[in-house]
Amino acid sequence: MTPASSDRDEAFPRDESANGREENAGLERGLTARHIRLMALGSAIGTGLFMGSSESIQAAGPAVLLAYVIGGAAVFMVMRALGELVVRHPVSGSFGQYASRYIHPFAGFLVGWTFAFEMVLVAVFDATAIGVYMGFWFPDVPRWIWVLAVVFFIAAINMLGVKVFGELEFWFALIKIAAIIILIVAGVAIIIVGFGIADHDQMGPQALFDHGGFFPNGLWGLLSSFTIVMFAFGGVEIIGVTAGEAQNPKQVIPAAINSVPVRILLFYVLTLGVIMCILPWNQITSEISPFVAIFDSVGFTAAAAILQVVLITAALSAMNADIFGAGRMLYGLAEQGQAPRSFARTSPGGVPVMTVVTMIIALLAGVVLNYLYPDQALFLLGALATFATVLVWLIILASHIRMKKVIAEEARLPSEFPVPLWPVGSWITLAFIVFIVVMVGVVPDSRPALWVGLLWVVALWLCYLAFVRGQGRRPIDLTDRTEPISAGK
């Protein structure tokens with residue numbers, strides 16, 4: 001493939017029918033199925049689980065397990081909707097281009113830039129968490145120094161070719177997944193065997209009911225926890241963004257979507273269940289990761305220190321995937337005339353250099369935030385990212401619902417990867433995501449995030465009116481690559 005050159009001055013490529021060029025011409029299809037599966041896990045299983053789960057446990061108690069089950073089911077439905085869109089139109093801009101085609105060009109502009117905003121927020125959240133983790137060994141070093149070091153490290157990785165990036169992300173994610181599995185096995189062993197640990201007789205499933213019951217904070221505790229729980233799942237939609245660099249996306253993307261949500265659900269529910277069976281939920285605080293706390297509480301201080309290294313690796317993995325996803329989304333926006341032209345230029349290795357540079361500059365703002373507000377940075381970033389996440393999911397669902405209507409009206413070929421429980425499941429999921437947006441505004445601590453999020457939407461609308469012209473104001477043309485169902489059988 002020929003990378004987009006710096007002197008390209010014609011309209012950005014959209015698809016073969018539009019301009020005779022191949023979709024995603026500047027990108028290199030170097031991501032395999034194992035890369036994409038682990039990348040999605042790398043983005044969604046990160047600081048939201050290792051650190052953010054403390055706050056969700058404090059809000060709901062053991063009932064947080066139910067919140068993760070419900071939230072995981074909703075995420076699966078969002079991912080299946082995205083999967084049906086991706087298999088029909090495997091493009092790098094993913095849901096940004098789908099929203100432009102099926103809803104309105106502004107919807108594509110909104111979801112594209114909001115996803116990039118979400119990824120930056122989550123990446124800064126993860127970088128901030130690394131600063132907190134490093135305080136375990138270097139309590140006297142200011143947090144912003146660690147955040148700055150991490151930003152430059154991630155920048156170097158994202159400037160490499162996509163194959164190298166995918167391989168590094170694979171091993172990053174594999175380390176933390178292995179750590180979670182080891183923690184589950186070790187936790188179950190502690191519960192069963194005891195190893196002479198004090199209060200062992202109080203450990204086990206009964207611990208989920210011994211400290212105020214399964215719903216210690218009532219129904220409100222469960223409902224308020226959703227604002228934190230859904231943030232933890234944010235980022236899994238990066239699977240759709242990889243379509244432009246996936247080998248055989250029609251096979252790779254559905255396989256990744258079908259496997260990842262179930263794995264995430266198991267990791268979250270099973271892991272947090274084991275933790276609360278060992279350490280009572282009311283002893284888990286946001287001052288320390290619950291993963292470190294359980295080993296610290298039973299006297300395994302060496303294991304706690306080792307786990308601290310895993311937490312840092314996990315956060316690096318999530319940051320890596322987030323910056324990749326944001327960069328590719330901006331590349332797609334540039335292709336459809338809704339971002340600066342320079343964002344569509346790629347290096348010889350298929351890296352959209354300017355988008356990565358832009359993301360790194362945005363991350364440096366996170367360094368400033370950590371310098372000015374070291375105590376409030378984590379919560380504020382998490383709340384803002386929750387709003388951005390659910391807004392992206394809302395637009396994905398709306399794009400899918402609209403696409404199904406177009407398929408019926410134009411008598412197109414049936415989808416090769418249809419969403420289950422259509423249409424009831426899709427509308428219930430849409431209603432649930434709207435409920436999450438409402439809860440962000442209802443919960444006092446997260447309410448500022450809703451106002452900032454609404455201001456963000458208004459700001460994007462003004463930017464769209466002021467700066468987007470010509471091609472960016474027209475619904476993008478997407479090639480329907482659906483084949484008869486019997487063709488591959």
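Author: One word first: residues are in contact when their heavy atoms come within 4.5 Å of each other. Also, what you're looking at is a predicted model.

Reader: Fine. Which residues does serine 56 touch, leaving out those up to four places away in sequence?

Author: Gly61, Val64, Tyr68, Ser225, Ile228 and Val229. Serine 56 itself is in helix α4 (residues 53-60).

Reader: And what makes serine 56 buried?

Author: Buried means under 20% relative accessible area. Serine 56 has 0%, so it's buried. Glycine 425 in helix α17 (residues 424-442) comes out at 11%, so it counts as buried too.

Reader: On to the rings. How many aromatic pairs are there, and why is phenylalanine 109 with tryptophan 113 called tilted?

Author: The whole structure gives 17 aromatic pairs. In this one the ring centres are 6.3 Å apart and the planes meet at 55°. Centres within 6.5 Å make a pair, while planes under 30 degrees apart would be stacked and over 60 edge-to-face.

Reader: What makes lysine 404 and glutamate 84 a salt bridge?

Author: The cut-off is a side-chain nitrogen of Lys or Arg within 4 Å of a carboxyl oxygen. Here N to O is 3.0 Å, so the pair qualifies. This bridge spans 320 residues, from helix α16 (residues 377-409) with lysine 404 to helix α5 (residues 64-88) with glutamate 84. Lysine 404 is buried at 17%, and glutamate 84 is buried at 1%.

Reader: Where else does the charged end of lysine 404 sit?

Author: Over the ring of tryptophan 422, 5.3 Å from its centre. The distance limit for that label is 6 Å.

Reader: How do you know that aspartate 480 bridges to arginine 88?

Author: Their closest N and O atoms are 2.8 Å apart. Aspartate 480, in the segment after α18, is 392 residues away from arginine 88 in helix α5. Aspartate 480 is partly exposed at 28%, whereas arginine 88 is buried at 1%.

Reader: What about aspartate 480 and arginine 412?

Author: They meet in a salt bridge too, at 3.2 Å from N to O. Arginine 412 is in the loop between α16 and α17, 68 residues from aspartate 480. Arginine 412 has 21% relative accessible area, so it's partly exposed. Shared partners then join Arg88, Glu410, Arg412 and Asp480 into one network of salt bridges.

Reader: Which residues have the most contacts inside the largest nonpolar core?

Author: Phe95, Phe233 and Trp393, in a core of 143 residues. Helix α7 gives the largest share, 19 residues.

Notes
Residues numbered from 1 in each chain as written. Predicted model: local features only at pLDDT ≥ 70, side-chain atom pairs only at ≥ 80, totals over all residues. Heavy atoms only, no water. Phe/Tyr/Trp six-rings, centres within 6.5 Å; stacked < 30°, edge-to-face > 60°. Lys NZ or Arg CZ within 6 Å of the ring centre and 35° of its normal. Helix = DSSP H or I, 4+ residues; strand = E, 2+ residues; numbered from the N terminus. Buried < 20%, exposed > 50% of the residue type's maximum accessible area, 1.4 Å probe, protein only. Core = buried A, V, L, I, M, F, W, Y, C linked by side-chain atoms within 4.5 Å.
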